[in-house]
Amino acid sequence: MDGDRARRADAPDRPGGDDVIADLFVEWFGSNPVVHGLVGGLVIAGMNLLGASLVFVWRDPSERALDGALGFAAGVMLAASFTSLIIPGIEIYSGGNPIPTLVGVLLGALFLDRSDGLVPHVHYLLTGRRRADAANPSEALPLDDERLAPVVLFIFAITLHNMPEGLAVGVGFGSGDVAGAIPLMLAIGIQNIPEGLAVSVAAVNAGLNRRAYAVFTGIRSGIVEIPLAVLGAYAVQTISALLPYAMGFAAGAMLFVISDEIVPETHTGGHERIATLGTIIGVVVMLYLDISLG
């Protein structure tokens, strides 16, 4: 199949091997970027479900192992934010003008910062350790049931912090650069595995049913990531001028999650070194995927 269908005319030239992967993707799923966004959303949601389901076979992972896995997820997201979103947004889709993409980065971070005022920070819901700037559940939402409120807030918080991932994949495919969007999809999907496992383990430790909540976690994550991937692809296809802003927004939101949630959480249990090594390995894996696939 002609490689021109697999990426935008203004996307950078890539090695022939990358064209093969992109062409196969287009051959299987057609050339509509919105459909590509849907496929990407299904893939990352499915990998989140896989991670959540690991609690069936890895019933009691240590805190050390979880910190290392979450550090890995942070490293993947960190590298992906720059290689697949910020740099292409500036160099390719803004003609070298950094302002639109950087404005998007600030807006994405601001959105997550303001949203955290509505629900408790994820690390508080997972560990019970409250930060000084964490939202107060009793003040944030009018829920009186002591058992219902934490569960509802838990769902809200985790869903909120999964939103940038689905949006990032959708924006990547909406750009029309399939060869560049595939490694972004794989990277976010890979980091969804330890993230899904960590959430399921926390829920099990809190006393919720292992099997039911593992499945529920995957479905819940999929529900938010899939439509946001489609929305991201549709938005940038409909209004092409939004593309650099949208890429920056997704990157800024992911960077906020890394710095405000994942890194602090992995550095509170005395396993800072393993978490840091996990982050470095995650960066290396994402860079390898970006170079080898796109």
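# Helix packing and selected residues in a predicted model

At 5% relative accessibility, Val201 counts as buried, because the cut-off for that class is under 20% relative accessible area. This residue belongs to a model that is predicted, and the protein in it has 11 helices and 0 strands.

**The chain as a whole**

- Read from the N terminus on, the elements of the protein follow the order α-α-α-α-α-α-α-α-α-α-α, in keeping with the count of 11 helices and 0 strands.
- The protein has 294 residues, and buried residues make up 53% of them.

**Helix α3 with helix α10**

- Helix α3, which covers residues 63-91, packs with helix α10, which covers residues 243-266, at an angle of about 160°, and the two axes are 9 Å apart.
- Because angles over 145 degrees count as roughly antiparallel, α3 and α10 are described as roughly antiparallel to each other.
- The crossing in which α3 passes α10 is left-handed, and the contact of α3 with α10 is made up, by class, of 16 nonpolar, 5 polar and 2 charged residues.

**Helix α4 with helix α10**

- Helix α4, which covers residues 99-115, also packs with α10: the axes of α4 and α10 come within 6 Å and cross at roughly 45°.
- That angle makes α4 oblique to α10, and α4 passes α10 in a right-handed crossing.
- On the α4 side, the residues making this contact include Pro100, Thr101, Val103, Gly104 and Val105, while those on the α10 side include Pro244, Tyr245, Gly248 and Phe249.
- Sorted by class, the residues of the contact of α4 with α10 divide into 13 nonpolar, 5 polar and 1 charged.

**Helix α3 with helix α4**

- The contact is made by Ile86, Gly89 and Ile90 of α3 together with Thr101, Leu102 and Val105 of α4, and by class it has 4 nonpolar, 2 polar and no charged residues.

**Thr101, a residue of α4**

- Thr101 is found in helix α4, and with a relative accessible area of 0% this residue is buried.
- A polar atom of the Thr101 side chain lies 3.2 Å from the backbone oxygen of Gly89, and Gly89 is one of the α3 residues in the contact between α3 and α4.
- Leaving aside residues up to four places away in sequence, Thr101 touches Ile86, Gly89, Ile90, Ser94, Pro244 and Gly248; of these, Pro244 and Gly248 are named among the α10 residues in the contact between α4 and α10.

**Two residues of α8**

- Asn192 is found in helix α8, which covers residues 178-205, and Val201 lies in helix α8 as well.
- Asn192 is buried, with a relative accessible area of 0%, and its side chain is joined to the side chain of Glu225 by a polar contact of 3.3 Å.
- When residues up to four places away in sequence are not counted, Asn192 touches Ile44, Met47, Asn48, Glu165 and Glu225.
- Val201 touches Val55, Pro61 and Leu66, again without counting residues up to four places away in sequence.
- Val201 and Ser62 are 139 residues apart in sequence, and their C-alpha atoms are 9.9 Å apart in space.

**Gly270, a loop residue**

- Gly270 is found in the loop between α10 and α11, the latter covering residues 272-293.
- With a relative accessible area of 54%, Gly270 is exposed, because exposed means over 50%.
- The C-alpha atom of Gly270 is separated by 9.6 Å from that of Asp67, although the two residues are 203 residues apart along the chain.

Key:
Residues are numbered from 1 along each chain as its sequence is written. This is a predicted model: local features need pLDDT of at least 70, side-chain atom pairs count only at pLDDT 80 or more; totals for chains, interfaces and linings use all residues. Side-chain values use heavy atoms; hydrogens and water are left out. Axes are lines fitted to C-alpha atoms, for helices over the stretch in contact, and angles run from 0 to 180 degrees between N-to-C directions. Helices (H or I, at least four residues) and strands (E, at least two) are DSSP runs, numbered from the N terminus. Angles under 35 degrees count as roughly parallel, over 145 as roughly antiparallel, 65 to 115 as roughly perpendicular and the rest as oblique. A crossing is left-handed if the near helix is turned anticlockwise from the far one by less than a right angle, and right-handed if clockwise. Ala, Val, Leu, Ile, Met, Phe, Trp, Tyr, Cys and Pro count as nonpolar, Asp, Glu, Lys and Arg as charged, and the others, Gly among them, as polar. Buried means under 20% relative accessible area, exposed over 50%, partly exposed in between (1.4 Å probe, protein chains only). A polar contact is a pair of N or O atoms within 3.5 Å; within protein, one must be able to donate a hydrogen and the other to accept it, and residues adjacent in sequence count only if both atoms are side-chain atoms. Contact means heavy atoms within 4.5 Å.
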